[in-house]
Amino acid sequence: MDDRATELIHTRPCWKYRHSLAVRIAHWTNAVCVFGLILSGFQIFSDVRGEGSLPGWATFIHTIGMGRSEHFLFAWVFVANGIGFTLYAISSRHLWDLLPFLKTSGRYNLLQRLAYTGVIFGLGPLVAITGAALSPRIDALIPILNLLGGRQAAKTLHLAACFGLIGYIMAHLTMVATTGFWNNLRSMLTGWYSADGLPHQLDKGHKGVLRMGVLLRAWRAGRRWIYGVHNPQ
Ligand code: HEM
């Protein structure tokens with residue numbers, strides 16, 4: 001083998017197809033819905049408790065009426081997407097990659113599988129069921145409130161599940177950032193993953209975390225810009 005061929009083998013990443021189109025669409029639809037649900041949920045909470053009781057960055061910046069409409073819109077898409085993803089994961093046997101304590105393809109480590117299963121079968125359904133119980137119209141059709149122990153208990157569980165999701169997101173993003181941020185992100189966007197990590201060694205470790213910092217700053221700058229457009233001085 002000549003030098004050029006050897007160099008190519010050692011510097012070109014070995015691409016693996018890691019995420020199917022269905023998983024990628026479901027993942028990003030879910031991510032948008034969860035962020036939308038959290039921001040619109042805090043918007044409702046902030047307005048019910050008295051305007052401005054939460055900082056602007058934690059909410060959508062508009063009225064409680066819009067906050068409610070957005071919350072319900074994101075909630076329905078979140079539920080439909082969750083059911084669709086679960087059916088797909090069962091029928092394609094992708095679920096077996098996600099469940100802990102099974103012989104799997106080895107795509108995810110035990111910690112990831114525990115987190116993914118916990119969010120898909122634990123926090124996700126809990127936030128959806130307690131949310132549905134808090135909707136008088138849905139509760140009139142299926143009386144869930146009584147089973148949960150009343151409105152106050154349902155609200156507490158709903159908020160606890162919400163904070164559970166926020167905790168999950170922080171852990172999830174930290175793991176994505178510290179195990180090769182761009183490689184992970186690219187695989188969830190295009191499906192393709194560089195299996196040997198080349199030439200993406202720089203993604204590893206603290207550099208990934210620094211890049212998360214850049215994304216956070218972009219998010220805050222975006223919010224400041226939107227806030228300026230909606231509230232011209
Ligand atoms: C902007 C926010 C997010 C980013 C950048 C992100 C990024 C990623 C990436 C890169 C992966 C692939 C990891 C790998 O291949 O090892 C992944 C997988 C996953 N993420 Fe996220 N994620 C985000 C938000 C969320 C949220 C909000 C949830 C759920 C509440 C979530 C649930 C999952 C699950 C369940 C998987 C495994 C998917 C599968 O293979 O079926 N993610 N995420």
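Me: In this predicted model, how are the axes of helix α5 (residues 110-133) and helix α8 (residues 151-178) placed relative to each other?

Reply: The two axes come within 9 Å and cross at roughly 150°.

Me: Why are α5 and α8 called roughly antiparallel?

Reply: Angles over 145 degrees count as roughly antiparallel. The axes cross at roughly 150°, so α5 and α8 are roughly antiparallel to each other. The crossing is left-handed.

Me: Which residues make the contact?

Reply: From α5 come Gln-112, Ala-115, Val-119, Leu-123, Leu-126, Val-127, Thr-130, Gly-131 and Ala-133. From α8 come Ala-154, Leu-157, His-158, Ala-161, Cys-162, Gly-164, Leu-165, Tyr-168, Ala-171, His-172 and Met-175.

Me: How do the residues of this contact divide into nonpolar, polar and charged?

Reply: The contact of α5 with α8 has 14 nonpolar residues, six polar and no charged. Gly counts as polar here, and Gly-131 and Gly-164 are among the contact residues.

Me: What makes Leu-114 partly exposed rather than buried or exposed?

Reply: A residue is buried with 20 or more other C-beta atoms within 10 Å, and exposed with 12 or fewer. Leu-114 has 15, so it is partly exposed. Leu-114 is found in helix α5.

Me: Is Arg-93 counted as buried or exposed, and on what value?

Reply: The cut-off for exposed is 12 or fewer C-beta neighbours. Arg-93 has 9 inside 10 Å and therefore counts as exposed. Arg-93 is found in the loop between α3 (64-91) and α4 (95-98).

Me: What is the phi of Arg-93?

Reply: Arg-93 has a positive phi of about 65°, although Arg-93 is not a glycine.

Me: What surrounds the ligand?

Reply: There are 20 residues around the ligand, and the closest are Ala-31, Val-34, Tyr-116, Asn-184 and Met-188. At least two residues of the shell come from each of α2 (21-48), α5, α8 and α9 (181-190). By class, the shell has 13 nonpolar, six polar and one charged residues.

Me: How many helices and strands does the whole protein have, and in what pattern?

Reply: The protein has 10 helices and two strands. Along the sequence they follow the pattern α-β-α-α-α-α-α-α-α-α-β-α.

Me: What share of the protein counts as buried?

Reply: The share is 18% of the 233 residues; the cut-off is 20 or more other C-beta atoms within 10 Å.

Notes
Residues are numbered from 1 along each chain as its sequence is written. This is a predicted model: local features need pLDDT of at least 70, side-chain atom pairs count only at pLDDT 80 or more; totals for chains, interfaces and linings use all residues. Axes are lines fitted to C-alpha atoms, for helices over the stretch in contact, and angles run from 0 to 180 degrees between N-to-C directions. Helices (H or I, at least four residues) and strands (E, at least two) are DSSP runs, numbered from the N terminus. Angles under 35 degrees count as roughly parallel, over 145 as roughly antiparallel, 65 to 115 as roughly perpendicular and the rest as oblique. A crossing is left-handed if the near helix is turned anticlockwise from the far one by less than a right angle, and right-handed if clockwise. Two residues are in contact if their C-beta atoms, placed from the backbone, lie within 7 Å. A residue is near a molecule or strand if its C-beta atom, placed from the backbone, lies within 6 Å of it.
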